[in-house]
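Open the structure and keep the sequence beside it.

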Amino acid sequence: MIIHVLPPDVAAKIAAGEVVERPANIAKELIENSLDAGASEIRIEVREGGQRLLRVSDNGHGIPAAEAPLAFQRHATSKLNAAEDLDRIETLGFRGEALYSIAAVSNVTLTSRHAEAEIAVQLRLEGGELVEQGRAGAPVGTVVTVEHLFHNVPARRKFLRTTATEAGRIAAIVQCYALAYPACRFVLVNEGRETFRTTGSGDLFDVIVQVYGLDTARQMIPFGPPAAAAQTHTPAGLAEEVAFMPESPAKDAPETAIRAFGYASLPTLTRANRTGIDLFVNRRYVEDRGLTFAVVQAYHTLLPVGRYPLAVVFVELDPGQVDVNVHPQKTQVRFVHERSVFSAVQKAVRRAVVQHAPIPDMDLPSSGRDAIDAWSARRRSIIEAGDSQRSFTLAAGVPSAEGTLAPDPALESGAGWASQASDDHEAVATPAATSAAEQDDASAGASHAVLSEQTRKLPPLRVVGQVGAMYIVAEGPEGVFLIDQHAAHERILYEKFMAQRGGGIAAQHLLEPVTLHVGREITGLVAQHLAELNRIGFAVEPFGGDSFLLRSIPSVLSGQDPARVLQEIASSLAERRNLVGEEMEARLVKMVCKRAAIKAGQLLSAIEMQELVRQLEACDSPRTCPHGRPTMIQLSAGELEKAFGRI
Ligand code: ADP
Ligand code: MG
């Protein structure tokens with residue numbers, strides 16, 4: 001074996017392989033060049049999936065004729081001067097490798113007229129060699145035409161997919177950059193047909209409409225500054241909820257220096273995978289598992305398992321705080337303060353989604369404001385009657401007959417529905433949340449007045465009755481609500497648990513400790529998770545062999561068979577062995593809430609229903625259960641009128 005330096009054309013092809021894997025990579029590099037040149041209009045033309053032809057034309061500042069040939073040399077760039085510049089990259093390109101790499105594996109024609117030039121320069125390269133140089137008449141800007149891609153690299157060609165797939169990938173890239181640069185007009189032409197166009201209006205929402213269609217765009221909400229700058233209010237409990245999520249960050253950098261904003265889907269709009277989450281760091285499209293996870297985590301308990309949101313996420317931060325020079329295609333970045341970035345994204349999305357979560361409508365044609373206005377007018381008299389009745393029954397109910405839902409401090413501290421004698425309850429520690437909850441109790445009758453407009457996630461509801469021993473029928477300002485009693489109670493319990501977390505979960509000590517054989521297979525698992533179990537109110541100790549001694553259970557579960565509860569929890573541990581730490585704890589909490597919640601089939605008294613609805617109104621995310629299913633559906637006044645043929 002003799003070590004030798006590779007001939008330049010071989011070296012060029014190797015280098016090209018890193019930057020140019022498929023036509024979409026070329027589209028990306030050329031679009032980035034156009035954006036770096038300050039273009040406000042970029043046109044992309046594609047033939048045969050970009051392999052036959054890929055042309056990007058822009059109205060940017062162009063290249064001076066004398067410099068044009070330089071653009072195709074390796075490491076030739078106008079964007080970087082010294083090594084220190086690498087620490088603060090503010091342009092999309094910086095390596096001076098794209099044109100060089102593209103030219104090595106195709107035939108390229110460049111026509112460019114610099115802003116101060118009278119005429120354009122035109123170059124033609126074949127396989128990286130300059131074969132023609134001349135002048136041409138053209139408007140200010142640059143046109144790069146790439147033809148016969150990979151004609152000299154058969155190995156690469158083999159890996160290309162069908163023309164349609166490659167064209168689709170190019171379209172995806174174009175849409176990405178259209179999202180990142182709403183002020184630039186993008187036009188995509190495939191096989192001579194215009195397939196995508198943005199207006200260049202500067203409004204991100206306009207682009208979202210073009211990319212996703214109006215129906216989907218309507219289910220996307222803005223988050224973070226600037227659009228959400230007015231949202232100064234953070235719902236009580238949100239902080240804990242956000243902090244509860246796995247990998248919640250330590251404060252390792254001032255988050256104020258990081259801006260996270262964009263659009264995210266309402267929980268009603270989901271996808272089966274994470275590909276609907278587009279991330280941009282300083283307006284550069286990136287792929288980042290951590291940030292994608294941050295977005296998904298922001299929907300914690302709001303989406304069904306296996307469903308993912310759609311989002312367009314922009315992160316902006318000091319270019320010195322992010323390294324973009326870690327991947328040949330520049331699609332990966334590294335953050336100096338990764339956890340802060342993660343946290344900024346998660347919080348911004350969470351805040352918006354929790355505040356905007358809608359109530360799913362029944363699938364009936366919706367109709368106008370008129371019907372709703374008439375509804376509210378007629379409703380007023382009913383409410384007045386309802387309110388006097390309400391305060392009367394509540395007052396009567398306060399002494400709390402066994403099993404009722406009259407406001408009872410035990411209930412607020414997580415004691416649950418079929419409450420036991422209150423002496424049984426003992427908080428492991430005094431949670432700060434309890435005193436707030438108790439204050440709320442003091443004003444139970446007037447709770448609607450206490451909830452400010454901002455904290456209210458639900459309109460004030462008047463309970464009408466129960467149907468099917470399963471749903472509560474309630475009336476709101478705009479129509480009728482059907483509330484799933486089990487799902488609603490699960491949500492209430494879950495948020496109570498969350499609020500107590502950190503302060504100590506209310507636990508009920510068992511008069512007699514219960515011994516439980518969990519079976520050999522899960523002994524180890526239970527032993528491993530004693531800390532998590534303890535944190536949510538189960539005092540469990542190993543008792544030799546496969547048995548454990550249970551001394552307390554979370555108060556919400558009082559009245560349930562402790563042995564069965566622990567057995568169930570233990571099997572749940574076995575099902576999800578991959579979960580650790582807080583993620584496991586979150587799952588356990590959800591399980592406990594599911595068990596403790598009133599079941600379908602349970603008859604509820606008027607007071608119980610009112611109390612359930614009142615507590616639901618106070619939740620941060622009243623519209624979904626912790627598993628992401630809806631707790632209620634709405635039938636609007638307009639829909640009712642339509643269904644009855646009144647309008
Ligand atoms: P980089 O973008 O990393 O600088 P490229 O190989 O993509 O490297 O481009 C080399 C140089 O060619 C750029 O630095 C820029 O000066 C010039 N250039 C390329 N495309 C354009 C364009 N569309 N408009 C103006 N200048 C361009
Ligand atoms: Mg470039």
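Begin with Lys-496. This lysine is buried, because its relative accessible area is 13% and the cut-off for buried is under 20%. Keep in mind that this is a predicted model. Lys-496 sits in helix 15, which spans residues 485–500. Now look for Cys-619. It is 123 residues away from Lys-496 along the chain, yet the two C-alpha atoms are separated by 8.9 Å.

Four strands make up an open sheet, in the order 17-18-19-23, with antiparallel pairing. Strand 17 (462–467) and strand 23 (632–636) are the edges, and each of them pairs on one side only. From one strand to the next, the twist averages 25°. Inside the sheet, strand 18 (residues 471–476) and strand 19 (residues 479–484) are joined by six bridges in the antiparallel sense. One bridge links Gly-476 to Gly-479 in strand 19.

Which strands does helix 15 touch as it packs on the sheet? It touches strand 17, strand 18 and strand 19. The direction of helix 15 makes about 75° with that of strand 19. Helix 20 (residues 606–617) also belongs in this picture. It lies across strand 17, strand 18, strand 19 and strand 23. Against strand 17, helix 20 runs at about 120°.

Move on to helix 16, residues 520–528. Its buried residues are Ile-522, Thr-523, Leu-525 and Val-526. An α-helix has 3.6 residues a turn, so residues three or four places apart point the same way. What covers the buried residues of helix 16? The cover includes helix 17 (530–535), strand 22 (547–554) and helix 18 (562–575).

Now the cysteines. Cys-184 counts as buried because its relative accessibility is 3%, under the 20% cut-off. Cys-593 is buried too, with a relative accessible area of 0%. A disulfide is a covalent bond between the sulfur atoms of two cysteines. How many disulfides does a search of the whole structure find? It finds zero.

Finally, check the confidence. The average pLDDT of the protein is 78, and 79% of the residues score at least 70. Two stretches need care. Over residues 227–253 the pLDDT stays under 50, and the model has 60 contacts there beyond four places in sequence. Over residues 386–455 the pLDDT is also below 50, and this stretch has 102 contacts beyond near neighbours in sequence. Where pLDDT is low, the predicted coordinates should not be read in detail.

Technical notes. Residues numbered from 1 in each chain as written. Chains lettered and ligands numbered in written order. Predicted model: local features only at pLDDT ≥ 70, side-chain atom pairs only at ≥ 80, totals over all residues. Heavy atoms only, no water. Helix = DSSP H or I, 4+ residues; strand = E, 2+ residues; numbered from the N terminus. Buried < 20%, exposed > 50% of the residue type's maximum accessible area, 1.4 Å probe, protein only. Pairing = 2+ DSSP bridges. Axes fitted to C-alpha atoms, helices over the stretch in contact; angles between N-to-C directions. Contact = heavy atoms within 4.5 Å. pLDDT = per-residue confidence, 0-100. Disulfide = S-S within 2.5 Å.
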